[in-house]
Amino acid sequence: MRASRAIRKMLLLPLLILAACTPEQEALPPRVTEPRAFEGNAPRGAPLLRRAMLTLHNAARASVRAPELAWDEGLARDAQAYARDLAQRSVFEHSRQPRGNPPQGENLWMGTRGAYRYDEMAQHWIDEQRFFINNAIPNVSRSGRFEDVGHYTQIIWRSTTRVGCGFASNRRDDYLVCRYTPAGNLLGQRAVP
């Protein structure tokens, strides 16, 4: 009985993919396997998504003394449309540039369907803080790789004032897209002064 339960848990290990790029870069990161934090499917819904995203984004911003972000329904609609597009096509790639007018920043997340709560998704981005060095973009990572901190820097980007996020799923994966204005991760600039 224990062996079959262990095998079943291994089969349910969630996979996630994060993508962080400057507008000038586009790169697909490797898939990562993580242990599940809970059994069953994560709770879903637009009010829960909004609350989780604002709570975690604003807590990360408060830690660097950046002003809070406000929720933007227009950005959320754009993010929702793109999350649906990614899920329908079963791909993981940043949207084409430029996004919106004014330009929008974008964070993407993809993982096994139902395996992650919204707060866990955003926390993956925020956990990039451990590699962050407050230098000018792209020299902001202890690892030497911008993509190891790009989600985090967009979240804490001081001049960003608004965020909106969307979520969609296909048979295999969940997709989270967050859009930001003004866009962050501008080459030669710092996330926070």
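A search of the whole structure finds one disulfide (a pair of cysteine sulfur atoms within 2.5 Å). The model is predicted, so local features need pLDDT of at least 70 and side-chain atom pairs count only at pLDDT 80 or more, while totals for chains, interfaces and linings use all residues. Residues are numbered from 1 along each chain as its sequence is written, and side-chain values use heavy atoms, with hydrogens and water left out.

**The disulfide**

- Cys165 and Cys178 form the disulfide, with their sulfur atoms 2.1 Å apart.
- Cys165 lies in strand E5 and Cys178 in strand E6, so the pair ties together parts that are 13 residues apart in sequence. Helices (H or I, at least four residues) and strands (E, at least two) are DSSP runs, numbered from the N terminus.
- The torsion about the S-S bond of Cys165 and Cys178 is about 105°, so this disulfide is right-handed.
- Cys165 and Cys178 are both buried. Buried means under 20% relative accessible area, exposed over 50%, and partly exposed in between (1.4 Å probe, protein chains only).

**The nonpolar cores**

- The largest nonpolar core has 34 residues, and those with the most contacts inside it are Met53, Ile156, Val163, Cys165, Leu176 and Cys178. A nonpolar core is a set of buried Ala, Val, Leu, Ile, Met, Phe, Trp, Tyr and Cys residues joined through side-chain atoms within 4.5 Å.
- Two or more residues of this core come from each of helix H2 (46-63), helix H4 (118-126), helix H5 (150-156), strand E5 (162-169) and strand E6 (173-181).
- Helix H2 gives the largest share of this core, six residues.
- Another core, of eleven residues, lies apart from the largest one and includes Tyr82, Phe92, Met110 and Ala168.
- Beyond its neighbours within four places in sequence, Val163 is in contact (heavy atoms within 4.5 Å) with residues including Leu54, His57, Trp71 and Cys178.

**Helix H2**

- The 18 residues of H2 should span 26 Å at 1.5 Å a residue, and its end C-alpha atoms are 26 Å apart, which agrees. The expected span of a helix is 1.5 Å times one less than its number of residues.
- Among the buried residues of H2 are Leu49, Met53, Leu56 and Ala60.
- The cover over the buried residues of H2 includes strand E3 (70-71), H4, H5, E5 and E6.
- Just after H2, Arg65 takes a positive phi of about 60°.

**Aromatic pairs**

- The whole structure holds three aromatic pairs. Rings of Phe, Tyr and Trp (its six-membered ring) pair if their centres lie within 6.5 Å; planes under 30 degrees apart count as stacked, over 60 as edge-to-face and the rest as tilted.
- The ring centres of Trp109 and Tyr116 are 5.0 Å apart and the planes stand at 80°, so the pair is edge-to-face.
- Tyr118 and Phe167 also form an edge-to-face pair, 5.3 Å centre to centre, with 80° between the planes.
- Tyr118 lies in helix H4 and Phe167 in strand E5, so this pair ties together parts that are 49 residues apart in sequence.

**Salt bridges**

- Ten salt bridges are found in the whole structure. A salt bridge is a side-chain nitrogen of Lys or Arg within 4 Å of a carboxyl oxygen of Asp or Glu.
- In one of them, the closest N and O atoms of Glu73 and Arg50 are 3.6 Å apart.
- Asp85, Arg89 and Glu93 are linked in a network of salt bridges. The closest N and O atoms are 3.0 Å apart for Asp85 and Arg89, and 3.1 Å apart for Arg89 and Glu93.
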